[in-house]
Amino acid sequence: MKIEHLSLRNFRNAEESEIGFSEGVNIICGANAAGKTNILEAIFYFAAGKSFRNCKDRELIKFGNDKANASMRFSSRNGAQKMSAVLSKSGRRAISIGESGPLKMTEYIGRFRAVIFTPDHLSLVKGSPENRRRFLDLAICQSFPRYAPTLSEYNRVLAQKNALLKRGNVIDELLSVYNERLAQLAAVITVNRRKYVQKLEEEARKFLFDMSNGKEKLTLTYQSQIGTFETQEEVKEKYIKLFNDKAGYEKERFLALYGSHKDDFSVSINKKSARMYASQGQQRSTVLALKLAEGELSSKLTGEYPVFLLDDILSELDSDRKEYILSRITDRQVIITGCESDLFETDGNKIFVCEGKISDKGRECL
């Protein structure tokens, strides 16, 4: 998978930008706050239908404007394609492929795939379970688009159940209907997440082992409120029992407290909790290993690598780990941002950004 061209209009601080990309490594250079990360954000928007910064669409629109436009030409094993997005201050958005009209997320997810790494992704190790669930769900959706409708329906039914609980005086028959459907959907979600974590561990363990010269062994452990399980049907039955057993407690709290929206996975290095005991450097290396593994799985599951988006990561690595990362991404398209001078010695297409604009002044814009 390869991006060829990106057009931005009033997206973040980019009033009007036309950016071409080459195969292999592309380096986006610029001073702090120049707009480098905004370019990665626009690219990732086409993979996820939202910003990786977890912000609202209206925050992506350049100040003083009512809407923003982005379009991207890319090629994949399915040939040349174009995706476009229109964002408005009213909250409406339209994402289309080619000449199609606006599409639902379930219709475009997986058409363009990207792996993003930013310094904020250390939250995969030390952050809340929500961060890890979000990571899993997006990775699975990109490789298995049919997972997206299940996840979307689960969230819809969960919202209905929460609305019922918040009202008080719960109608038990209706609660039972919601719980039955949630159990069916949760079974699909939990089983698929655990399978993905098992495959992710296998790939990420290799990367961290190599990155640490054989000193660090990674373990990922999937955690669910229903404990251990084997089959999807078993998961469904366990969720139904859990919902029934905890119905009174949920009524007292006016909130759905049980289900796949509470799943998590733990990260351990040499059998010790990475969140509790790993150094900052070990946590960063672990997240890099997870992201490289995500890309490997995407390649194995879909037949081609996604685009890798690396936001200002090389400046945080020692020379050995920096060399390792660069050596592992030579056979795919990578877009890296940075402002340190030694990054510019890396072979690759260099794109200079100055105050949201693509500059032809080269290093002079830094």
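A residue counts as buried when its relative accessible area is under 20%, as exposed when it is over 50%, and as partly exposed in between. The structure shown is a predicted model.

**Exercise 1. Salt bridges within a helix**

Task: Determine how Glu201 and Arg205 interact, and decide whether each is buried, partly exposed or exposed.

Solution. 
Step 1. Glu201 and Arg205 form a salt bridge, with 3.4 Å from N to O. A salt bridge requires a nitrogen to oxygen distance within 4 Å.
Step 2. Helix α6, residues 172–211, contains both partners, which stand 4 residues apart, or about one turn of the helix.
Step 3. Glu201 has a relative accessibility of 17% and therefore counts as buried. Arg205, at 29%, counts as partly exposed.

Task: Carry out the analysis for Lys291 and Glu294.

Solution. 
Step 1. A salt bridge joins the side chains of Lys291 and Glu294 at 3.6 Å, N to O.
Step 2. Both residues belong to helix α10 and are 3 residues apart, about one turn of the helix.
Step 3. Lys291 and Glu294 are both buried.

**Exercise 2. Aromatic pairs**

Task: How many aromatic pairs does the structure hold? Classify the pair of Phe44 and Phe52 and the pair of Phe74 and Phe112.

Solution. 
Step 1. The structure holds 4 aromatic pairs.
Step 2. For Phe44 and Phe52, the ring centres are 6.0 Å apart and the planes stand at 70°, so this pair is edge-to-face. The cut-off used here is an angle over 60 degrees. Phe44 and Phe52 are both buried.
Step 3. Phe74 and Phe112 also form an edge-to-face pair, with 5.2 Å centre to centre and 65° between the planes.
Step 4. Phe74 belongs to strand β4 (residues 67–76) and Phe112 to the loop between α2 (105–108) and β7 (114–117), so the pair ties together parts that are 38 residues apart in sequence.
Step 5. Phe74 has a relative accessible area of 0% and is therefore buried. Phe112, at 0% relative accessibility, also counts as buried.

**Exercise 3. Charges over rings**

Task: Which ring does Lys161 lie over, and which ring does the charged end of Arg194 sit over?

Solution. 
Step 1. Lys161 is placed over the face of Phe243, 4.6 Å from the ring centre.
Step 2. Arg194 has its charged end over the ring of Phe229, 4.0 Å from the centre.

**Exercise 4. Cavities**

Task: What lines the largest cavity, and which element gives the most to its lining?

Solution. 
Step 1. The search of the whole structure finds 3 cavities of 30 Å³ or more. The largest cavity has a volume of about 60 Å³.
Step 2. Its lining residues include Arg113, Tyr196, Glu294 and Pro306.
Step 3. β7, α4 (129–143) and α10 (280–302) are the elements that give two or more residues to this lining. α4 gives the most, with 3 residues.
Step 4. By class, the lining of the largest cavity has 5 nonpolar, 3 polar and 2 charged residues.

Task: Describe the second largest cavity.

Solution. 
Step 1. The volume of the second largest cavity is about 50 Å³.
Step 2. Among the residues that line the second largest cavity are Leu8, Phe11, Asn38 and Val353. β2 contributes the largest share of this lining, 3 residues.
Step 3. The lining of the second largest cavity divides into 7 nonpolar, 5 polar and no charged residues.

Note on methods
Residues numbered from 1 in each chain as written. Predicted model: local features only at pLDDT ≥ 70, side-chain atom pairs only at ≥ 80, totals over all residues. Heavy atoms only, no water. Phe/Tyr/Trp six-rings, centres within 6.5 Å; stacked < 30°, edge-to-face > 60°. Buried < 20%, exposed > 50% of the residue type's maximum accessible area, 1.4 Å probe, protein only. Lys NZ or Arg CZ within 6 Å of the ring centre and 35° of its normal. 1 Å grid on protein atoms, 1.4 Å probe; cavity = no way out; pocket = protein on both sides within 12 Å on 5 of 7 lines; lining within 4 Å. Points joined across faces, edges and corners; volume = space filled by probe spheres on them. Nonpolar A, V, L, I, M, F, W, Y, C, P; charged D, E, K, R; others polar.
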